Amino acid sequence: MVTTVPRLRKSLVARPPGLKNEREMWEGGLEMVVGMDEVGRGAWAGPLTVGAAVVPQDRRVYKIRDSKLLLPAEREALFDRIAGWCVAWAVGHASAQECDLLGMSEAQRLAARRALAGLGAPADAVLVDGRWDFVGHPRTRRLVGGDRISVSIAAASILAKVTRDRIMIGEAPRYPAYNFDDNKGYPCPVHRAALHAVGPSVIHRRSWVFMDGLVWNGVPRYRRPDPQGSLPFQDPSG
């Protein structure tokens, strides 16, 4: 079934993301230019997800925008169109448990490595959203606001966001108290109230400091080891 993409709202018509950065790399002989973006870093539950997208040089898909600017129905309508248009695309995840074990920065690197591995061919260059290179590729270009100026990054953001949202909607019936089908694991008053009423689930990131004050429900807290080692407290006053 073909899904019709809704007409863009007026606020989104102007200034679509472009291909300036991609073209500069293509003209330099780099064919496999990968746009990458992350979703889920600020969530309390569920995976941290990184999308990777390689767009074609000779065909366009219109109405692509930063996933944060689109309504859920707009992202869903674009998902299959973008997936079928891309030369290659993949999504990598780091689970809530891996976020606890590794810390958020290393978990994001892990999800990025998994996304790149899923493309089926090595990247010649990578475009990432933001100031931080969470990929570590020798040819990484960091673009502040990249999901609004690069088609590749915007496409990756939609693929990652829809994939992660679908995961959280699938988890909602297993954990009905948290309203995951609505909040997708992100902070909100209903989610906070559920945590204080029944405690965390096994897909919550249990190393976060605020989890320590929640009700005990049999799910153990997780505390990452201090990378400096557990040293005894020294009272500076003697």
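Visitor: Is Phe134 buried or exposed?

Guide: Relative accessible area decides this: buried means under 20%, exposed over 50% and partly exposed in between, with a 1.4 Å probe and protein chains only. Phe134 has a relative accessible area of 3%, so this residue is buried. Please note that this is a predicted model, in which local features need pLDDT of at least 70 and side-chain atom pairs count only at pLDDT 80 or more, whereas totals for chains, interfaces and linings use all residues. Residues are numbered from 1 along each chain as its sequence is written, and side-chain values use heavy atoms, leaving out hydrogens and water.

Visitor: Where is Phe79 placed, and in which helix?

Guide: Helices (H or I, at least four residues) and strands (E, at least two) are DSSP runs, numbered from the N terminus. Phe79 belongs to helix α3, which spans residues 72-85. Its relative accessibility is 6%, so Phe79 counts as buried.

Visitor: Which residues does Phe79 touch?

Guide: Contact means heavy atoms within 4.5 Å. Setting aside residues up to four places away in sequence, Phe79 touches Trp89, Ile158, Leu159, Val162, Thr163 and Arg166. Phe79 also lies 9.6 Å from Ala160, C-alpha to C-alpha, although 81 residues separate the two in sequence.

Visitor: How many aromatic pairs does the structure hold?

Guide: Rings of Phe, Tyr and Trp (its six-membered ring) pair if their centres lie within 6.5 Å; planes under 30 degrees apart are stacked, over 60 edge-to-face and the rest tilted. The structure holds 4 aromatic pairs. In one of them, the ring centres of Phe79 and Trp89 are 5.6 Å apart with the planes at 85°, so the pair is edge-to-face. Because Phe79 is in helix α3 and Trp89 in strand β3 (residues 88-94), this pair ties together parts that are 10 residues apart in sequence. Trp89 is partly exposed, at 29% relative accessible area. Trp132 and Phe134 form a tilted pair, 5.9 Å centre to centre with 50° between the planes. Trp132, at 31%, is partly exposed.

Visitor: How many residues has the largest nonpolar core?

Guide: A nonpolar core is a set of buried Ala, Val, Leu, Ile, Met, Phe, Trp, Tyr and Cys residues joined through side-chain atoms within 4.5 Å. Here the largest has 27 residues, and Ile64, Ile82, Trp85, Ile158 and Leu159 have the most contacts inside it. Two or more residues come from each of α2 (20-27), α3, β4 (125-129) and α7 (151-171). Helix α7 gives the largest share of this core, 8 residues. A second, separate core has 23 residues, including Met104 and Leu116.
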